[in-house]
Amino acid sequence: MHHLNSIRTALLALVCSVAGGYQASGCMSYEEGLEGEIELTTQVSDWRDEVIYQVLVDRFADGDEGNNYGVDRTAMGKYHGGDWRGLEQNLDYLSELGVTTLWISPIIKNVDTDAGFDGYHGYWAQDLTALNPHYGDLADLRSLVFSAHEKKMKVIVDIVTNHMGQLFYYDINMNGEPDDRVQGDGITSDVVHINEYDPDFNPFGPVIARTSLGEAGPAPVIFVRDPATNHMPPLPEVFQDPRAYNRRGRTVNFDIEDQLLHGDFPGGLKDINTTLCGPRDGLPVKEAMVESYARWVELTDIDGFRIDTVKHVEREFWRYFTQKVRQRLAASGKKRFLMFGEVFDGNDQLNGVFTKNDLPTEEELASENACVTDGKQITGDQLDSVFYFPQHFQAIRDVFQQGQSTKRIQDLWDLRTTNWGTVPAELGIGIPPSDVPINFIDNHDVPRFLYQGTKPGLHNALTFIFTAQGIPCIYYGTEQEFKGGNDPSNREDLWPTEFSTDNSTFQLIKKLAKIRRDSAAIRKGAVTVTWASERAADEEDAGIFAYERSGGDAGDDYALVVFNAHLEKASAPGFMGSPMVVGAPPGTTLTDKLGSGVSVTVGGDGSVVLDPLEPQSALVLAP
Ligand SMILES: [Ca+2]
Ligand SMILES: [Ca+2]
Ligand SMILES: [Ca+2]
């Protein structure tokens with residue numbers, strides 16, 4: 001163990017004092033095994049007050065050299081040594097930026113190395129019941145969460161339920177070894193390349209074994225045992241049963257639903273059969289997911305889950321998982337636990353469907369309820385929200401990076417109350433999903449904005465995610481103007497920046513976070529688009545997009561946000577003599593909170609007439 005007892009004792013004292021009514025015996029059991037319960041707390045009243053910051057723990061800060069085994073900083077695809085302690089040591093940097101919620105990469109134990117790459121990102125689960133020792137231990141994670149809570153920051157943990165890491169091979173030729181070979185002679189049969197770790201999808205059922213005599217039934221599933229790379233049989237034990245996996249082989253075409261839901265994720269990530277439950281199917285897969293992940297909340301008091309690969313899992317699973325997690329945590333004092341999902345897809349309908357109260361047929365519902373043993377019946381509730389991937393493509397990329405027409409944003413927003421859920425989930429965050437999209441610019445799976453966009457464009461995109469309806473989410477390194485391209489180039493180490501706070505992007509984010517804090521309208525108001533344009537060439541309003549935030553839960557507060565997204569030309573709202581008309585009372589004087597000095601008074605007819613805005617610039621106007 002590389003941890004000093006004094007740190008544990010200090011943390012222990014913190015746990016006991018925070019918990020208040022804790023009995024001495026409760027503290028003792030925690031001190032002895034670090035396995036004990038801690039008191040769960042509700043840290044959030046309204047998630048729209050939050051600013052989320054996404055951290056790849058391995059790349060943020062190295063606070064403990066004692067866990068730097070296998071570290072190789074010369075390769076982007078290897079572990080670099082960042083950890084929870086490093087993150088905890090730099091919370092003040094994030095507070096200054098205006099961050100209120102950390103979303104940290106997956107915490108559970110992973111396959112260490114596979115095919116020359118490391119599981120530094122955390123998405124290659126091996127043991128859902130153990131923490132990833134590269135990032136620290138339970139004391140470190142608890143300490144991070146407690147320190148964050150002391151600073152009024154919340155912690156969201158990334159989880160994966162769709163697949164496990166590369167933990168078994170399909171022994172197609174039944175020789176007890178993982179083979180990578182060619183089958184067929186090309187004359188009497190096709191030449192087929194078969195990798196037993198990652199064979200292509202079989203549309204007809206499980207991957208089939210073949211001998212010289214022909215098909216021989218489902219291929220045996222063989223778990224690897226290699227402690228050096230942590231290729232070990234998965235835990236909890238239910239995942240050592242071959243039935244816990246769909247065993248169909250690697251997805252070739254994500255547009256085919258069977259493959260989308262049941263195929264192994266490229267890279268040999270084994271797809272779990274997420275429909276199974278104990279009482280109905282004899283294998284408690286759904287229960288194991290709830291138990292494994294809810295347990296981490298109970299052990300650390302984290303405040304939410306970001307959920308990976310949502311579109312690859314059946315809605316039946318999401319209904320069970322989200323409802324059982326909410327019920328269990330709410331009963332222990334953790335209310336408004338946020339669960340938002342990643343649907344890596346530009347299709348708004350596909351994104352929104354996972355946030356709907358989505359009741360299946362009566363027959364299906366009865367079948368799903370056959371999984372329930374606590375008497376609390378399944379309803380249609382699913383996730384609280386999803387990442388706004390359609391907006392990432394249609395607004396961030398198309399408009400703010402490429403200068404396409406701003407009508408694209410309005411068209412997308414107009415669909416949200418149709419495509420997304422409009423009723424909060426029971427015991428959920430209390431806000432309709434359609435009001436709380438997670439607004440992001442880029443993340444670890446797409447090139448960073450600056451890889452191809454300009455800095456003024458990035459600043460517009462930041463102003464956009466901080467003032468649009470929903471919750472802003474910043475990918476770590478954005479504040480340092482990182483420009484990495486696709487994975488793994490977009491996963492840079494943050495520490496070479498020495499956590500400097502002077503660059504203009506850091507300062508803009510800080511300013512935007514303050515504007516948001518000070519404005520109920522921007523955080524909680526309804527949204528009305530006051531100008532969008534199909535014109536994107538040299539017309540007077542080309543590139544203009546404007547919306548007001550008011551009403552809803554904003555009280556009397558009001559804000560009007562105006563963008564010129566044109567890459568080269570100054571533009572203003574208004575076209576052929578028709579001005580932009582807003583909802584603020586005539587005579588209201590609005591000034592720019594970004595500090596440009598621009599001020600405008602709403603005309604008697606509700607019009608707002610502005611001088612042309614510079615290309616790729618914005619105004620955040622408020623009384
Ligand atoms: Ca470290
Ligand atoms: Ca074999
Ligand atoms: Ca799946």
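Q: Is Asn173 buried, partly exposed or exposed?
A: This is a predicted model, where local features need pLDDT of at least 70, side-chain atom pairs count only at pLDDT 80 or more, and totals for chains, interfaces and linings use all residues. Residues are numbered from 1 along each chain as its sequence is written, chains are lettered from A and ligands numbered from 1 in the order in which they are written, and side-chain values use heavy atoms, with hydrogens and water left out. Buried means under 20% relative accessible area and exposed over 50%, with partly exposed in between (1.4 Å probe, protein chains only). Asn173 has 22% relative accessibility, so it counts as partly exposed.

Q: Which class does Asn175 fall into, buried, partly exposed or exposed?
A: The relative accessibility of Asn175 is 36%. That makes Asn175 partly exposed.

Q: How are the donor residues of the calcium ion (ligand 2) spaced in sequence?
A: Donors here are N, O and S atoms within 2.8 Å of the metal (3.2 Å for Na, K and Ca), and water is not among the atoms, so sites may look incomplete. The protein donors include Asp171 (OD), Asn173 (OD1), Asn175 (OD1) and Glu177 (O), and the donors lie 2.2 to 2.8 Å from the ion. Along the chain, the donor residues run D-x1-N-x1-N-x1-E-x1-D-x16-E.

Q: What average pLDDT does the protein chain have?
A: pLDDT is the predictor's confidence in each residue, from 0 to 100. It stays under 50 over residues 1–33, while 94% of the residues score at least 70. The chain average is 94.

How values were computed: Contact = heavy atoms within 4.5 Å.
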